[in-house]
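Me: I am new to this structure. Can you walk me through how to read its features, one at a time?

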Amino acid sequence: LFRSPEKHQTVANKTGERAAGLYSLQGNFVVMAPVKAFKAGDLIYIPSAADSKEIAFLPATVQEDANSVDVAIKMEGSNNDTRVVPVGELRRRFVRDDSSTSPDNTSLVHLNDATILENLQARHKMDDIYTYTASVLLAMNPYKEIKGLYGEEQCNRYRGKHIGALPPHPYAISDTAYRALVRDQKNQGFIISGESGAGKTETAKIVMQYLGFVSGATSDLAARIQDRIVQSQPILESFGNAVTMRNNNSSRFGKYNRVFFNDKGTLVDAGVTTYLLESSRVVVHSGKERTYHCFYEMLSGLSDEKLAKLHLQRGKHYRLLAADPETGITRSEEEKWMEQFQAHDVKNFKRLCEAFKIVGLSDEDIDSCFQVLAGLIHLGDLAAAEKDDDEEGAVELDEDSLCKAAELLGMDPDALGAALKRRKVCVPGRSSFHEVPRTASQFRHALHSLIKALYKRLFERTVLRINNSFKELAGTGAESTEEEFRHIGILDIYGFERLQRNSFEQLCINLANERLQQYFVENVLLAEQGLYEREGLPWTELSLPDATPVVTAISGVFSVLDDLSQQLAKGMEKQATDEKFCTRTTDEAAKDPVRKDVLTKLKMSNKRGSSVGLGMNEGFMVRHYAGPVEYSTKGWLDKNNDRLLTECEELIKSSDSPFVADMADK
């Protein structure tokens with residue numbers, strides 16, 4: 001969590017070596033300034049084995065003066081374990097004389113990646129989960145409630161205090177941003193980033209809680225806007241969050257919250273912009289994961305009477321909500337695993353319904369929303385062709401599921417079935433068309449496109465309703481708010497992702513993080529470097545990383561993907577396949593001196609982040625700032641096609657349900 005740097009006191013005893021250590025933490029690169037040679041008896045850390053997932057560095061002691069590129073060392077706590085390691089792998093360490101830790105990493109005796117991690121670990125064990133590194137706040141998720149850490153009493157403590165006057169806290173960063181906005185009348189911004197489960201969404205809530213507190217004490221409108229901000233979060237979490245392998249409440253979209261203030265610093269409006277909703281999760285997800293919370297909350301929380309109206313049964317197996325069969329999890333295993341979320345889903349459903357009413361949804365709109373969700377569930381049960389081995393064979397639809405889905409979505413069942421089962425083909429040399437049956441693969445593409453489009457538009461409609469509710473409170477329009485008032489923006493977006501199997505969504509997420517990393521380098525690290533130079537402190541110029549080659553490589557991927565997607569749209573299915581997309585992508589990258597070392601063909605591996613079981617033309621590897629990631633390109637042409645089929649778009653537009661018809665592409 002950090003904000004753009006402003007003038008602040010520089011720690012007097014910073015050195016070039018320490019600064020180099022600080023920057024080495026960013027993105028797995030190490031830039032070391034000149035240091036004194038290691039001598040016998042020096043305390044050090046060395047990197048642990050490459051396959052170690054829990055321990056990054058191990059303590060050791062230098063055995064003899066370092067006179068060459070290799071150094072003899074002895075491992076801590078061992079009489080016989082001596083090794084010879086390259087001098088470049090050594091990190092200096094120190095022994096704490098007491099249990100004290102450093103609230104700011106820049107005050108460590110030796111500042112390098114190993115001592116930073118050791119300091120963070122020691123503080124985490126003491127429930128000191130926040131630590132500064134100059135103007136950056138590092139947050140370590142405690143995965144438990146720490147009493148007394150938040151609330152009005154703590155807000156009062158941090159109000160008006162400079163960073164460093166009190167223990168590290170998001171409130172301190174928030175207060176600095178708020179005072180800068182009021183003093184300088186300039187917009188301020190937060191970037192909150194980290195891997196899944198790190199606590200990004202909770203941190204964003206903490207920041208917004210403080211901004212609401214510090215700016216709204218004397219205004220009834222500000223108090224109501226602050227309450228509305230808090231109440232909108234359950235809606236966004238229900239429709240945008242899901243259970244993943246690493247996090248039971250993982251945000252599967254990025255959001256940029258803005259809170260607006262008048263010249264006196266009083267909260268007057270708010271709004272949220274969303275990015276990169278993982279729409280593919282609606283139609284497929286891995287074992288021991290779930291699609292979006294709202295589906296399960298609806299099934300757990302609705303009364304039996306309302307469920308019956310939606311033709312749903314509590315506890316029944318539905319394809320849309322089940323894990324991808326290819327993941328290998330059995331139905332009984334999945335059902336047993338799902339039991340742990342039952343009580344939580346019921347509780348969250350009540351919270352969701354209350355939040356819906358607070359942002360202004362009528363009972364009719366709430367029912368219509370659940371009706372669409374139920375319709376999507378029934379669409380998922382239309383056919384067994386989800387995983388049909390006969391890709392060229394015709395598809396048989398389940399008539400019962402078809403009628404239920406059509407009823408709930410306000411569509412004619414015959415028209416819905418026809419749009420999904422048959423496609424129109426232009427007769428060469430004529431202006432007429434004739435219909436041909438869709439293969440299982442084409443049916444799956446059409447069905448998934450319809451489900452994803454409806455869910456994405458439902459999500460966007462919900463976000464729009466939240467934003468409109470803020471405008472109704474403030475009595476303003478969107479344009480007048482942005483022109484008249486200053487704002488503080490809070491960007492809460494996916495962190496870098498490297499999963500067991502990485503796909504199109506991970507590439508988009510990691511591209512966003514590449515750009516965020518470059519922003520960090522340009523606006524924080526270079527600014528800090530300039531501060532050293534202006535104040536005449538000892539400094540060794542650093543070679544900072546440049547994300548341009550990676551961004552260029554990913555742009556090339558998208559360019560090839562768009563080209564083949566256009567060919568596919570023209571019916572050139574044999575020329576436009578996922579395998580040919582992969583081959584062309586790696587071949588073009590290999591010919592480009594900028595991209596050839598960044599994007600390469602796959603090498604088979606079983607390490608984390610490796611796409612196990614893929615062929616050479618089924619994926620590629622990208623060397624990101626945070627490490628190499630292997631991507632599976634299976635299904636990318638389908639995922640890249642956000643444009644809904646014309647026949648399906650017409651079904652939405654002509655729906656008998658005003659709620660559904662309003663979601664038609666304008």
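Reply: Start with the core. A nonpolar core is a set of buried Ala, Val, Leu, Ile, Met, Phe, Trp, Tyr and Cys residues joined through side-chain atoms within 4.5 Å. Buried means under 20% relative accessible area, exposed over 50%, partly exposed in between, with a 1.4 Å probe and protein chains only. This is a predicted model: local features need pLDDT of at least 70, side-chain atom pairs count only at pLDDT 80 or more, while totals for chains, interfaces and linings use all residues. Residues are numbered from 1 along each chain as its sequence is written, and side-chain values use heavy atoms, leaving out hydrogens and water.

Me: Which residues touch the most other members of the largest nonpolar core?

Reply: Phe239, Phe295, Met298, Phe370, Leu379 and Tyr455 do, in a core of 112 residues. Helix H14 (residues 440-474) supplies the largest share, 15 residues. Helices (H or I, at least four residues) and strands (E, at least two) are DSSP runs, numbered from the N terminus.

Me: What is Tyr455 in contact with, beyond four places in sequence?

Reply: Contact means heavy atoms within 4.5 Å. The partners of Tyr455 include Phe239, Leu277, Tyr292, Phe295 and Leu373. Another core, of 26 residues, lies apart; Cys508 and Ala576 are among its members.

Me: Where is confidence lowest, and where highest?

Reply: pLDDT is the predictor's confidence in each residue, from 0 to 100. The chain mean is 85, and 88% of residues reach 70 or more. Helix H1 (residues 16-24) is lowest, at a mean of 29; helix H7 (residues 293-301) is highest, at 97. Over residues 1-35 the pLDDT is below 50.

Me: How do I read a sheet?

Reply: Strands of a sheet pair through backbone hydrogen bonds, either parallel or antiparallel. Two strands count as paired if DSSP finds at least two bridges between them. Here an open sheet of 3 strands runs in the order S17-S18-S19, with antiparallel pairing. S17 (599-601) and S19 (627-632) each have a single partner strand, so one side of each lacks a neighbour in the sheet. S18 (residues 619-624) and S19 share 6 bridges. Val622 has Val629 in S19 as its bridge partner.

Me: Is Ala134 buried or exposed, and what about Tyr143: buried or exposed?

Reply: Ala134 is buried, at 16% relative accessible area. Tyr143 is exposed, at 62%. Ala134 sits in the loop between S7 (130-133) and S8 (136-139). Tyr143 lies in the loop between S8 and helix H3 (152-158). Neither is a glycine, yet phi is positive: about 60° for Ala134 and about 55° for Tyr143.
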